[in-house]
Amino acid sequence: MSGVTFEKVSRTFAGRPVLNDVSFSIASEEALCIMGRSGTGKSVTLKLMVGLLKPDTGSIRIHDRDIVNLDEDGLSQTRRLMGFLFQSGALFSPFSLNDNLALPLQRFTKKSKQEIDALVQTQLDEVGLGNDRYKMPAELSGGMRKRAGLARALILQPSILLADEPTSGLDGVTAGEIDDLLLKLKEKGTTTMVIVTHDICGVRRVGDRLAVLDQRRIIALGKVRGTSSYRLPDTFRLMRRCRRLSNRYLHMW
Amino acid sequence: MLSLLNAFLEFIGNLGLFALRAVRRAFLPPFECRMIWQQIGEIGWRSLPLVVSSGFAVGLVLTLHTRSTLVRFGAESMIPTVQSLSFFNEIGPLVAGLLVAGRVGAGIGAELAGMRVNEEIDAVEVLSVDSFKLLVIPQIVACILALPILTVFIDVAGINGGFLAERSVSQISLHLYLNRAFSLVGWATFIPPTLKTAIFGFIIALVSSWFGYTAVDGSVGVGRAATNSVVASSLLIIMTDVILVKAIFFLFPDTAI
């Protein structure tokens, strides 16, 4: 079964096309990394997947269910299968860390208060924030917010995790910690992951495949080979074939 | 000119749809009691010092001004009555509405716009939680409940300010002042004008939430949402007040005398 499928998806903003006829498919439990320059539609792709944006044309299927024409209830049900880690963490600022994580559990599960408390504590321990449970989002550093955002995204044990630049703006050590968390999740083998990133080390460690977005479409899509090796992924070769655009990316690798 | 009219009509139309959505959702579960309680604290309790001190100052100044006029006609004994009638009927409700529009309207507009810009609203939506119910409805309910209570406080503060001003000039006793102040005040003078501020509260929360919830353009958008919230809600309060005063006169003819 396919986790996420894009079929000829196009999207424009104020007359400016951002995605044009984009098609790709992500298998269940696969980790796809998406790279590309700023403004090439990476975050838009993620927001289309979770239904925050609607495509102008094309279809988007989540677990083989077309989400483009779903009503609010249908979309809400589909979203419960997904976790979304926003670039800034996007923690709900009036709520403490504890309440941010407990909110979806209170709404969509029949767990008791004690069970919810225990689950929140476990989840926060997993991301190393067990002692910061009652802090407000404003009291957390950038790295802590991202880890908290990841904990919240995973609290309902989603089958699909969408992460928007999970390591951007972080130092190497903290970025490595976030990658460790994603890798740990991948090793469990229960979650499909779509990670938008600029961090090639993260791609090598976590990704199964890499897609490169440019000029409103995917210009390269291929396997990331040998996550532990420093050899270039197959995608690099794909990119080299893309004569017009490859030079822009060579310095990135 | 035509584009300005278009923009205004578009604003009214969008606001109307937003209001309809708010009214419809307000009666559907889940009821965000915790958020409502939190907002009552934020909107009501934290506005109290501003409302009370402003009411006291306005009451004091109003008495000083009316005194100089009424003395000319030998009607200085009417000062407490004029003070209380003007406060209960109009000054208290309107000043409370405008003060809350300034303090709370800007706060709601900026807070929601900040949440929109920081993707917090998107994050709530992605969690399948209805962001409108979680963020907008509590503001509206809290404003509707808090405004009449704040109006009672501003009325009391205004009467106290008036007494202090009058006492400093004429040595009038509190007992006599209150007797004169409430001689013409009936329930019809007090209840309808106080309750009309619930509508002011609805307007403030609705308009500010709309500007905040639909904000775009990053931090510039946050500033714009805060400013527009205050301007539009103050203007709408004054315009609505005209209609409400006529409605109160129609429903309670005694108050029109």
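Predicted model: local features only at pLDDT ≥ 70, side-chain atom pairs only at ≥ 80, totals over all residues.

Strand β6 (residues 82-85) and strand β7 (residues 160-164) of chain A pair in the parallel sense, with 4 bridges between them. Which residues point which way? A:M82 and A:F84 go one way, A:G83 and A:L85 go the other, and all are buried.

**Next stop: strand β3 of chain A**

Select residues 31-36 of chain A. Is this strand enclosed or out in the open? Of its 6 residues, 6 are buried, so β3(A) is largely enclosed by the rest of the structure.

Strand β8 (residues 192-196) of chain A runs parallel to β3(A), and the two share 4 bridges. To find the spot, click A:I34 and look for A:V196 opposite, in β8(A). Then bring in strand β9 (residues 209-214) of chain A, which is also parallel to β3(A) and joined to it by 5 bridges. Here the pair to click is A:L32 and, facing it in β9(A), A:R209.

**An open sheet in chain A**

Hide those and show β1, β2, β4 and β5 of chain A. In what order do they line up? Reading across, the 4 strands go β2-β1-β4-β5, forming an open sheet with antiparallel pairing. At the edges you'll find β2 (16-27) and β5 (65-66) of chain A; each has a single partner strand, so one side of each has no neighbour in the sheet.

Zoom in on strand β1 (residues 2-13) of chain A, which runs antiparallel to β2(A) with 8 bridges joining them. Click A:T5 and then its bridge partner in β2(A), A:S25.

**Zoom out to the whole chain**

Show all of chain A for a moment. You're looking at 253 residues, of which 43% are buried, and at 9 helices and 10 strands.

**Over to chain B**

First, find where the chains touch. How many residues does each side bring? Chain A gives 15 residues and chain B gives 12. On the chain B side, the most comes from helix α5 (residues 120-126), with 6 residues. That side of chain B includes 6 nonpolar, 2 polar and 4 charged residues.

Last stop: select helix α1 (residues 2-26) and helix α8 (residues 187-213) of chain B. Their axes come within 10 Å and cross at roughly 110°, which makes α1(B) roughly perpendicular to α8(B). The crossing is right-handed. Show the side chains where they meet: B:L15, B:F18, B:A19 and B:A22 from α1(B), against B:L206, B:V207 and B:W210 from α8(B). What kinds of residues are these? The contact of α1(B) with α8(B) has 7 nonpolar residues, no polar and no charged ones.

Conventions:
Residues numbered from 1 in each chain as written. Chains lettered and ligands numbered in written order. Buried ≥ 20, exposed ≤ 12 C-beta atoms within 10 Å, placed from the backbone. Contact = placed C-beta atoms within 7 Å. Nonpolar A, V, L, I, M, F, W, Y, C, P; charged D, E, K, R; others polar. Pairing = 2+ DSSP bridges. Axes fitted to C-alpha atoms, helices over the stretch in contact; angles between N-to-C directions. Parallel < 35°, antiparallel > 145°, perpendicular 65-115°, else oblique. Left-handed = near helix turned anticlockwise from the far one by under 90°.
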